[in-house]
Amino acid sequence: MDYLKQYYKVTYTNLLTSGRLNTYLADINRQAQERFERIIEGMKQTQVITEQLKEENALEWTGRMNNVRACAREIVNEEIIYV
């Protein structure tokens with residue numbers, strides 16, 4: 001909402017006055033969450049981040065998962081949030 005308000009004032013105002021702002025934001029949130037989860041699953045498979053790794057080396061698993069989440073967040077922001 002803040003991004004819309006700051007960079008797309010006309011769109012923000014139109015959505016707000018038409019009563020569609022919350023629906024629009026909820027839809028964007030749903031799309032972003034679904035994409036985020038798909039990216040994470042794909043990256044986990046590509047980088048062979050498994051439950052077995054989690055059991056054997058929790059610290060490495062945590063570091064790799066943090067990296068995957070950061071990359072996925074950046075992709076989602078570029079593809080869905082900040083367009």
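**Group meeting: helix packing and the tyrosine cluster**

Good morning. I begin with Lys 44, which has its place in helix α3; helices here are DSSP runs of H or I of at least four residues, numbered from the N terminus. The model is a predicted one, in which local features need pLDDT of at least 70 and side-chain atom pairs count only at pLDDT 80 or more, while totals for chains, interfaces and linings use all residues. Residues are numbered from 1 along each chain as its sequence is written, and side-chain values use heavy atoms, with hydrogens and water left out.

Is Lys 44 buried or exposed? Lys 44 has a relative accessible area of 17% and is therefore buried. In these terms, buried means under 20% relative accessible area, exposed means over 50%, and partly exposed lies in between, for a 1.4 Å probe and protein chains only. Leaving aside residues up to four places away in sequence, Lys 44 touches Ile 49 and Met 65; contact means heavy atoms within 4.5 Å. Between Lys 44 and Leu 25 there are 28 Å in space, C-alpha to C-alpha, for a separation of 19 residues in sequence.

I turn now to the packing of helices. Two packed helices are described by the angle between their axes and the distance between the axes. Helix α3 spans residues 21-46 and helix α5 residues 58-81; their axes come within 9 Å and cross at roughly 140°. Axes are lines fitted to C-alpha atoms, for helices over the stretch in contact, with angles running from 0 to 180 degrees between N-to-C directions.

Which residues make the contact? On the α3 side they include Ile 28, Phe 36, Met 43 and Lys 44, and on the α5 side they include Met 65, Val 68, Ala 72 and Val 76. By class, this contact of α3 with α5 has 14 nonpolar, one polar and five charged residues. Here Ala, Val, Leu, Ile, Met, Phe, Trp, Tyr, Cys and Pro count as nonpolar, Asp, Glu, Lys and Arg as charged, and the others, Gly among them, as polar.

Within α5, the buried residues are Trp 61, Met 65, Val 68, Ala 72, Val 76 and Ile 80. Their cover includes α3 and α4, the latter at 51-56. Glu 78, also found in α5, is exposed, at a relative accessible area of 58%. Its C-alpha atom is separated by 15 Å from that of Val 68, ten residues apart along the chain.

Next, the aromatic residues. The structure holds three aromatic pairs; rings of Phe, Tyr and Trp (its six-membered ring) pair if their centres lie within 6.5 Å, and planes under 30 degrees apart count as stacked, over 60 as edge-to-face and the rest as tilted. Tyr 3 and Tyr 8 have ring centres 5.9 Å apart and planes at 55°, so this pair is tilted. Tyr 3 also pairs with Tyr 82, edge-to-face, at 4.6 Å centre to centre and 65° between the planes. That pair links distant parts of the chain, 79 residues apart: Tyr 3 is in helix α1 (residues 2-7) and Tyr 82 in the segment after α5. Tyr 82 is partly exposed, at 41% relative accessibility. Ring pairs join Tyr 3, Tyr 7, Tyr 8 and Tyr 82 into a cluster.

Finally, the loop between α3 and α4 holds Val 48. Most residues other than glycine have a negative phi. Val 48 is not a glycine, yet has a positive phi of about 50°.

Note on methods:
Helices (H or I, at least four residues) and strands (E, at least two) are DSSP runs, numbered from the N terminus.
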